[in-house]
Amino acid sequence: MAETTPILEMRGIGKRFPGVTALDGVDFRLHPGEVHALMGENGAGKSTLIKILTGVYDIDDGAIELDGEPVLFSGPQQAQHAGVSTVYQEINLCPNLSVAENIYIGREPRRFGMISFRAMRAKAAELLGSLGIDIDPGSVLAGHSIAVQQMVAIARAVDISARVLILDEPTSSLDAGEVAQLFRVIRDLREQGLAIVFVTHFLDQVYEISDRITVLRNGRLVGEFRTAELSQRDLVEKMIGKELSALESIEEQAKPQLRDPSPLLVAEGVGRTGAIAPFSLTIHAGEVVGLAGLLGSGRSELARLLFGADKADSGELRVDGRPVTMRGPRSAMERDIAYLSENRRTEGLIEELTVRENIILALQANRGWARPVPRRQQDELVAKYVEALRIRPADPQTVVRNLSGGNQQKVLLARWLITEPRLLILDEPTRGIDVGAKADIQRLVVSLAGDGLAVLFISAELEEVLRLSHTIVVLRDRAVVAQVENTDAVDANSIMNTIATGVTA
Amino acid sequence: MTSVLAPRRRAWTIRKYVPILGTLVLLVIMYGIGIVNYEGFYNTQILLNIFIDNSFLLVVAVGMTFVILTGGIDLSVGSVVALTTMVCATLLNDGWPAPAAMIAVLVMGALLGFLMGCVIHFFEIQPFIVTLAGMFLARGLCYVISTSSISIDAPFWKTTAQERIGVGTFTITPSVVIAGLVVVIAAVVLAWTRFGRTVYAIGGNANSAMLMGLGVGRTRIGVYTISGLCSAIGGLLLSFYMSSGDPLHAIGMELDAIAAVVIGGTLLTGGSGYVLGTVLGITVLGLIQTIITFQGNLSSWWTRIFIGGLLFVFVLLQRAVVRRTP
Ligand SMILES: Nc1ncnc2c1ncn2[C@@H]1O[C@H](COP(=O)(O)OP(=O)(O)OP(=O)(O)O)[C@@H](O)[C@H]1O
Ligand SMILES: [Mg+2]
């Protein structure tokens, strides 16, 4: 890639929030026609840098130049006018509007000053089609899965982008096929000379798509590198700031031997019309059951039935050998079943409360409000999990709203772990979490299973499922198509085959 | 996969019409009850009279619809209506020509709304508090002008008050025509203009709307300006109807307007609702009044009791519709 003059230069950027220095003297430059990965651990300052660039936050120190002209955007609206469009980490769409409106609002095709909805839907259908998404543009956004919503947000940004396209963890809830589609579009845009900023915690994706990498650590710039000249190993070391050896141990760590023969939860012919076909499944104490399948294959739907978040309309569920009717999450929680849902934004955190309060919430609810958890015990428990999951900043009094995306995830995970459930359902627990913390979480799952906790583990990352699970349940088109014991003979390829064809290899 | 998901999506699309359909069904039932029980109720003039008697409330409620759609609230509307009648009466008695007086009060209403919108947006203060302050302020100003009623003798007011426009064999007032125009313009603005769609976007998620690069501030200030303007128009219509300015006019009208909007199916949390719903809401309120008049032996306070009951039912209905997450 020839050296061109940068289209965007940020120099000496500093940003302080009360009590935290989020950025300190960070330089960042972006060339036209390149995909630039912005890397760093959770809380390193990636999203903050992006929000400073687009004017969501005021800048404390430093200067920004776009095309050699100093700029200071007052907000996303101005940034968009200057040709900088962004998909922020939190999905930023309006759930009450249609898909087409979400893509075109503010830029609707008009005739005589009136919006032409027909033209808008047609354009939206075409745009979505080019991203390989087949949905009705007239449908209400709230009715779609998180993945589809994310694709819609991307479609919007791609369509707006004139010079700079910023994608903050756009792929966190996409499946392999959708990521491939997205990358195809990104490559096209790069060809056209757009400058693209890409944030992700998936290292493979960084190496697949990016030309250059800027690494941040603790709000400081570590350096800017050409992707081709930086090995994956070096990248991780630069991100976490220490030797990699600690991370790798998880690879060799053997799965703890099963198995306590007593089944904890047995589902027989449980299903729900329109969500998932009737399936049978047994989970033993100390067993990790992994769910594999593409997005929309019914993984979350299965989990929701076991937890009682949705009501099953057929079959029988037994816990400890006794039949139970799940009337709602409460009945599940009474039987020590915990569920970390995929929709963390909407179903989980109370952003105004502190880390400690959020973590303690479920435990307190379990005990009933008449018996408060003693403050000493709270502090101990919270400190333990803040440490174990590396929640940053490590201060339990921080308001959750002010945490970075990845750290918010960890808080939710801690909330459920602290209740000491017997069955823990984890729906994409490592989404948006950095490499180091991801390994921590995986190690934690393994060690908890060793202590007799049963885990239902859902992840779009097949490697993760393979590494952790004793049993792998494969879903396809909203039905369970196979259940395989995770022996040495099983590998990513054979599972992929099953997912693709629906038959066990 | 698409086929399995389709019913769910359609359900979501239909869901947004549930509240307004509920109002429509209620309206039909109430109308049916009236026709069956009371002689002469079927006469279409009865329906038209509802609009004649409530044209000012309708206009005010339309302004309120904009505000509530963004998730805000405007408590100042009743006071602004009263202030409009007072200022208008004073100006006319001072010899201002009718058109000048009308334009002056319209500008005043819009300006009051604009100022409240600015405070709400720039100082990030709850709309409830700001418009509550606006409500006291406007009502206080009424009493500064005069503590008693001022009658309006301007010939234009007299003729407008008596004017009847024939619709087939029935009649309406010019006020109804004006209210109708306001409704149509508002509906078009909300459905087909960028401003209108931004109103819905802000009600859906204000933070997202900001991140999407929409003019959140401009739109927010805009809806309060519109509400102020609608209050002033409502005040003018009320002064036609009453032929007077009075500091005691329109006390509690903000609550009637909110009730009409909510009964009309607009979510108090914003983002969902239609002007047409508000028209239905006003009709429901008017029908209750009419039925009670026809009944003859019920105190008019029963109107309030019915409205209260209905509000409960509708807020519960909204809850049920919103609660079900996908
Ligand atoms: N509004 C805010 N108020 C206070 N502190 C904040 C605020 N936003 C971010 N921070 C802090 O700034 C730091 C950087 O956060 P940022 O969101 O930029 O991290 P990130 O690199 O995007 O992490 P992740 O990978 O988890 O998304 C964190 O320590 C976070 O707690
Ligand atoms: Mg982030």
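The questions and answers below walk through a predicted model with chains A and B.

Reader: Happy to dig in! What should I know about the conventions first, including the pLDDT needed for side-chain atom pairs?

Author: Residues are numbered from 1 along each chain as its sequence is written, while chains are lettered from A and ligands numbered from 1 in the order in which they are written. Side-chain values use heavy atoms, with hydrogens and water left out, totals for chains, interfaces and linings use all residues, local features need pLDDT of at least 70, and side-chain atom pairs count only at pLDDT 80 or more.

Reader: How many helices and strands does chain A have?

Author: Glad you began there. Helices are DSSP runs of H or I with at least four residues, strands are runs of E with at least two, and both are numbered from the N terminus. Counted that way, chain A has 18 helices and 22 strands.

Reader: Why is chain A said to be as compact as a globular protein of its length?

Author: The radius of gyration is taken over C-alpha atoms, and the globule rule is 2.2 Å times the number of residues to the power 0.38. Along the principal axes, the C-alpha atoms of chain A fill a box of roughly 70 × 55 × 50 Å. For 505 residues the rule gives 23 Å, and the radius of gyration of chain A is close to that, so the chain is as compact as a globular protein of that length, at 23 Å.

Reader: What is the radius of gyration of chain B?

Author: Chain B has 14 helices and 4 strands. The globule rule gives 20 Å for its 326 residues, and the chain is close to that, so it is as compact as a globular protein of that length; its radius of gyration is 20 Å.

Reader: What share of the surface of chain B belongs to carbon and sulfur atoms?

Author: Accessible areas come from the Shrake-Rupley method with a 1.4 Å probe, and for residues only the protein chains shown count as cover. In chain A, the accessible surface is about 20400 Å², with 49% from carbon and sulfur. In chain B, the surface comes to about 14400 Å², and the carbon and sulfur share is 71%.

Reader: How far apart do the centres of the positive and negative side chains of chain B lie?

Author: Lys and Arg count as positive and Asp and Glu as negative, leaving out His and the chain ends. Each charge is placed at NZ of Lys, CZ of Arg, CG of Asp or CD of Glu. For chain A, the mean positions of 55 positive and 68 negative charges are 5 Å apart. Chain B has 16 positive and 10 negative side chains, and the two centres are separated by 25 Å.

Reader: Which residues are linked with A:E34 in a network of salt bridges?

Author: A salt bridge here is a side-chain nitrogen of Lys or Arg within 4 Å of a carboxyl oxygen of Asp or Glu. A:E34 pairs with A:R212, with the closest N and O atoms 2.8 Å apart; A:E34 sits in the loop between β2 and β3, and A:R212 in strand β11, 178 residues apart. A:E34 is buried (under 20% relative accessible area, where exposed is over 50% and partly exposed is in between, for a 1.4 Å probe and protein chains only), at 0%. The network joins A:E34 with A:R29, A:R212 and A:E224.

Reader: Which residues does A:T354 contact, leaving aside neighbours within four places in sequence?

Author: A:T354 is in the loop between α12 and α13 of chain A, and it is buried at 10% relative accessible area. Its C-alpha is 9.4 Å from that of A:D395, 41 residues apart along the chain. Contact means heavy atoms within 4.5 Å. By that rule A:T354 touches A:P396, A:Q397, A:T398, A:V399 and A:V400.

Reader: What is the relative accessibility of A:N358?

Author: A:N358 lies in helix α13 of chain A. Beyond four places in sequence, A:N358 touches A:L349, A:I350, A:L353, A:V400, A:V411 and A:R415. A:N358 counts as buried, with a relative accessibility of 0%.
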